[in-house]
Amino acid sequence: MSTTSNTSPPPLEGGGRGEGSHQHEPRELAPSPRPSPSRRERAVGSSRDHATLSAVEGPSAWKGSEIDYRQEGLHTLSTAEIEEIDAALHAVGTPDIPGITRETFKLPTLGTSLRRMGEDLRTGRGFLLLRGLKRERYTTDEMARIYVGLGAHIGTLLPQSWHGELLGNVIDVSDVEAAARGYQSGGSQRFHTDTCDIVSLMCVQSAKSGGLSRIASVGALHNRLLETRPDLLAQLYGDYVCRRMELDAELGSGRLLKTLAFFSQATGQLSCNISGSYPRRAVDAGDAVMTDLQVEALDELERLAASPEFYLDMSIGEGDIQFLNNRTLLHGRTGYEDWPEIARRRHLLRLWIEVPSWPALPANQGMHGPDDHAGWLRQRTPFMEVPSCYVATMTARKAALAA
Ligand SMILES: [Fe+2]
């Protein structure tokens, strides 16, 4: 067993470039405090015997080079569905985000379809693009209320970081946030997963250019590794010690370190929950070591996912909503060119959705859990995620910094 160091290859989703708030560090990490010996955990190399591994079959294992999402994962809202949304938007009024629920945002017909679409994400390709909302018909805050209302019909909305936000604002505010996390930064994002059943994005404002969503099937990557490097695949079923973001832990469960398996089939279906940055944070802080094989497994998975054979690019235009199965897909994005003013910048909204009908996530997966959520939600302040409030706050902060 060898010890990795700060000179190791970059993490799977790229330092500070990933989108999931829980998955990604600030661009420049503050020096991590050295752990006390009693807090140290070690990767114990309990990888699965690769002789017991078998290929993932079914529609979740696809190659991006062989499918067209417009044929297999695009739903264009009908006129009747738009009318139902408009009626719900009118009826719900202007509550705070938690006040938008299945009960307050009534969708008698579309709601049933959305629940079915959510289940299809578990059993099918794992992606869905909902198109048809005409962006110019709604204010940005109305778009947000529609989005939360639609999401509430698919499942339960989860807080996304220690801030307790139920609706994430994905926008580059790295010039005003001292410790901007991945979803608050611009540029490309490398492949990763978040911590939820379904991760979703709505685009309310496009970039000047670029910024495609890039996804890859974990099942297809799994099968390629099984063919070419089963020894590396076995590592991904084993233990990786992960160091979470300090405030996520402090204001949540209090648990800074977690030992996780990035791949599991405990639910009967391949389930992936992976972030390359967290095990590297653990190594850098002296909490753990990674074997050479563990490092190589992360690198090889990323290398394969980044090849045109495997990834699929999806354009999320203004008004579009993307839903992804966070257990069976990796996601990232291509780079983009943005506008200088915060109010004009590329702006997406994000939901983390838990689907109660899905099997529970294996106990050794999930960077965060219910024991974090209650503490995180205590940090939340009313209306803080409403886009107009968020952008106003960030714009004021930028002005104050310039003064
Ligand atoms: Fe993400």
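pLDDT is the predictor's confidence in each residue, on a scale from 0 to 100. I start there because this is a predicted model, and pLDDT is that confidence score. Over the chain, the average pLDDT is 88, and 89% of the residues score at least 70.

One stretch needs a caution. Residues 1–45 stay under 50 in pLDDT, and for them the model has 128 contacts beyond four places in sequence. Where pLDDT is low, the predicted coordinates should not be read in detail.

Next, strand E17, residues 347–354. Is this strand mostly covered or mostly open? Mostly covered: seven of its eight residues are buried. E17 pairs with strand E6, residues 198–205, in the antiparallel sense over seven bridges. Within that pairing, Leu 201 has Arg 350 of E17 as its bridge partner. Strand E4, residues 168–170, also runs antiparallel to E17 and is joined to it by three bridges; there, Val 170 stands opposite Leu 348. Strand E3, residues 156–157, pairs with E17 over two bridges, again antiparallel, with Thr 156 opposite Glu 354.

Now a sheet of four strands. It is open, its order is E5-E15-E8-E13, and the pairing is antiparallel. Which strands stand at the edges? They are E5, 189–192, and E13, 311–314; each has a single partner strand, so one side of each is left without a neighbour in the sheet. Neighbouring strands here are turned by 20° against each other on average, ignoring direction.

Helix H5, residues 218–228, lies across E8 and E15, at about 50° to E8. Helix H9, residues 292–305, lies across E5, E8, E13 and E15, and runs at about 115° to E5.

In soluble globular proteins, nonpolar side chains tend to be buried together. The largest nonpolar core in this model has 96 residues, and those touching the most other members are Tyr 147, Met 202, Ile 215, Ala 216, Leu 221, Ala 305 and Leu 349. Helix H4, residues 140–154, supplies the largest share of this core, eight residues.

What does Ala 305 touch, leaving out residues up to four places away in sequence? Its contacts are Phe 191, Ala 216, Leu 221, Phe 310, Tyr 311 and Leu 330. That is where I stop.

How values were computed: Residues are numbered from 1 along each chain as its sequence is written. This is a predicted model: local features need pLDDT of at least 70, side-chain atom pairs count only at pLDDT 80 or more; totals for chains, interfaces and linings use all residues. A residue is buried if 20 or more other C-beta atoms lie within 10 Å of its own, exposed if 12 or fewer, and partly exposed in between; C-beta atoms are placed from the backbone. Two strands pair if DSSP finds at least two bridges between them. A nonpolar core is a set of buried Ala, Val, Leu, Ile, Met, Phe, Trp, Tyr and Cys residues joined through C-beta atoms within 7 Å. Two residues are in contact if their C-beta atoms, placed from the backbone, lie within 7 Å. Axes are lines fitted to C-alpha atoms, for helices over the stretch in contact, and angles run from 0 to 180 degrees between N-to-C directions.
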